[in-house]
There are 2 protein chains.
Amino acid sequence: MAKSKPLILVTNDDGFYASGLHALIDAVKELGDVFVVAPDRPQSGMGHAITINSTLRVSRMHHFGVAGEYTCSGTPVDCVKMAVNKLLPRKPDLCVSGINHGANHSINIIYSGTMSAAVESAIEGIPSLGLSLLDYSLEADFTAAAHYSTKLARRVLESGLPAGVCLNVNIPKLPAEKLKGIKVCRQAYGTWVEELDERTDPAGRTYFWLTGAFKNFEEGAEDTDAWALSNGYVSVVPVQFDMTAHKALAGLKDIEN
Amino acid sequence: MAKSKPLILVTNDDGFYASGLHALIDAVKELGDVFVVAPDRPQSGMGHAITINSTLRVSRMHHFGVAGEYTCSGTPVDCVKMAVNKLLPRKPDLCVSGINHGANHSINIIYSGTMSAAVESAIEGIPSLGLSLLDYSLEADFTAAAHYSTKLARRVLESGLPAGVCLNVNIPKLPAEKLKGIKVCRQAYGTWVEELDERTDPAGRTYFWLTGAFKNFEEGAEDTDAWALSNGYVSVVPVQFDMTAHKALAGLKDIEN
């Protein structure tokens, strides 16, 4: 009996009609049977949110011509739960999330719906990677990002990943020939210096837009994703969902007293 | 000059009118000047979501009689960003989030708005703790939980926490005299065995409720939060926002080739 083709779940946080999702489907469809379960509208910045106070809807789609394709009214994490528990014929061999329109390096992983879908897959025991291009434009050129998506998805399908680990992949906004290759690195320590852009609505009431700029606290650290990206490399950070600060644990034991 | 009183930010994910928030304010108000910035409605399961595609509103409240109190239309993480960047007179000395109506041990930290507010505070360099009572009832008895909230908040104000670390505190649903004390421990490895409860709306269309049961994969592991809670202890897990799987990093270097 011929070995069955790998089953690949594709999701994202920019929604079913984002061009980054289309690019990712094209990048992985040569590797197996593709099922798409993506949010029915943009869900950027949703982090690891799940929908528990309202209902979820699912619609079957016929847009990409793959093995199965659905929109879900929930968050990216809901999409993974819906895919694994309801929509797919079996547990997928791989989950790819993206390609996100915009960066998800450093602390941004924690706010990112793209990466949360990958992390949720890891929690479910599915090898997974989240992919992000450092270009927020709706018309971004995904050519180089798609090339690395195929390469890394094939690598993970063939060799797997350590238990409980997924990959956070970011691709600089550069033409393919300018990219220097892949760096496996750690999450840089940085944060958003926030501004709350204060405005007045037509009724005279105040409202705010969350905005700001990312500040890297480790500018020179060559083992970080932020450094790799600034220097023309595709960054790959292995990510875990165990958030225990193991190094701090012993030193805090006196809290028990 | 007399030393000024500590500034304490109180937030939660169950919303401004949840009784767990009230209990937490009462538990920490003896320790400093309290500012409350809480969601204007329940935000459970919001994980580390932030509001970037819509606007934020803030309302000044006069409910608890503390130094400052506000509702915010956003997520728990938005509340922290709004507090730190807009509403508080200076960076707080402590952030406490909760007391959550329901458990946030093991993997639940990643879905929890309560813990995400604490993690966001840690990212901002503010010592912080998230507190959760293992009782989902709106009429839960917060007496014992409040006692431990005061004790741990005082400990963190006095001794601080390692950089980049906050505390995930869970309290069993037990009367104070039955609690055996505090265990400093690690996040148990477990996951939700999901069900998607499928129903039909009055128009004949399908919808789903996300539901399920938590499955602990490490039942016997005495160094985990799940074990501590099952055995009558208050669990305290030090939590970090660096999600790099440092142990897996070297073994994945060949991805660069």
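**Figure 1. The open sheet of chain A in the predicted model.** In chain A, 9 strands form an open sheet with mixed pairing, in the order β3-β4-β2-β1-β5-β6-β7-β11-β8. The model shown here and in the views that follow is a predicted one. At the edges of the sheet lie β3 (58–60) and β8 of chain A, each of which pairs on one side only. Neighbouring strands are turned against each other by 20° on average, direction ignored. Strands of a sheet pair through backbone hydrogen bonds, and they do so either parallel or antiparallel. An antiparallel case is the pair formed by β7 (residues 165–171) of chain A and β11(A), which 6 bridges join. Within this pair, A:Cys166 has A:Val239 of β11(A) as its bridge partner.

**Figure 2. Two helices packed on the sheet of chain A.** Helix α1 (residues 19–28) of chain A packs on the sheet, where it touches β1 (7–11), β2 (33–39), β5 and β6 (128–133) of chain A. The direction of α1 in chain A makes about 140° with that of β5(A). Helix α3(A) also packs on the sheet, touching β1, β5, β6, β7 and β11 of chain A, and its direction makes about 170° with that of β6(A).

Figure 3. A:Ile109 is found in the loop between β5 (94–101) and α3 of chain A. With 27 other C-beta atoms within 10 Å, A:Ile109 counts as buried, because a residue is called buried if 20 or more such atoms lie within that distance. Leaving aside residues up to four places away in sequence, A:Ile109 touches A:Asn104, A:Met115, A:Asn168, A:Gln187 and A:Val239, as well as B:Met243 of the other chain. A:Val239, one of the residues touched by A:Ile109, is also the bridge partner of A:Cys166 in the pairing shown in Figure 1. A:Gly45 lies 64 residues from A:Ile109 in sequence, while their C-alpha atoms are 9.6 Å apart in space.

**Figure 4. Helices α2 and α3 of chain A.** Two packed helices are described by the angle between their axes and the distance between the axes. For α2(A) and α3(A), the axes come within 8 Å and cross at roughly 30°, and the crossing in which α2(A) passes α3(A) is right-handed. On the side of α2(A), the residues that meet the partner helix are A:Pro76, A:Val77, A:Cys79 and A:Val80, and on the side of α3(A) they are A:Gly113, A:Thr114, A:Ser116, A:Ala117, A:Glu120 and A:Ser121.

**Figure 5. The contact between the two chains.** In this view, 61 residues of chain A are in contact with 61 residues of chain B. The elements of chain A that give two or more residues to this side are α2 (76–87), α3 (113–123), β8 (182–184), β9 (190–200), β10 (206–216), β11 (234–240) and α6 (246–249). The residues of the side of chain A that touches chain B divide into 32 nonpolar, 16 polar and 13 charged. The same surface serves both copies, since 100% of the contact residues of chain A recur in chain B.

Figure 6. The open sheet of chain B has 9 strands with mixed pairing, in the order β3-β4-β2-β1-β5-β6-β7-β11-β8. Within this chain, strand β2 (residues 33–39) and strand β4 (residues 68–72) run parallel and are joined by 5 bridges, and B:Val37 has B:Tyr70 in β4(B) as its bridge partner. Helix α1 (residues 19–28) of chain B lies across β1 (7–11), β2, β5 (94–101) and β6 (128–133), running at about 140° to β5(B). Because 7 of the 10 residues of α1(B) are buried, this helix is largely enclosed by the rest of the structure. The buried residues are B:Gly20, B:Leu21, B:Ala23, B:Leu24, B:Ile25, B:Ala27 and B:Val28, and they pack against β1, β2, β5, β6 and α4 (143–159) of chain B.

Note on methods:
Residues numbered from 1 in each chain as written. Chains lettered and ligands numbered in written order. Predicted model: local features only at pLDDT ≥ 70, side-chain atom pairs only at ≥ 80, totals over all residues. Contact = placed C-beta atoms within 7 Å. Helix = DSSP H or I, 4+ residues; strand = E, 2+ residues; numbered from the N terminus. Nonpolar A, V, L, I, M, F, W, Y, C, P; charged D, E, K, R; others polar. Pairing = 2+ DSSP bridges. Axes fitted to C-alpha atoms, helices over the stretch in contact; angles between N-to-C directions. Buried ≥ 20, exposed ≤ 12 C-beta atoms within 10 Å, placed from the backbone. Left-handed = near helix turned anticlockwise from the far one by under 90°.
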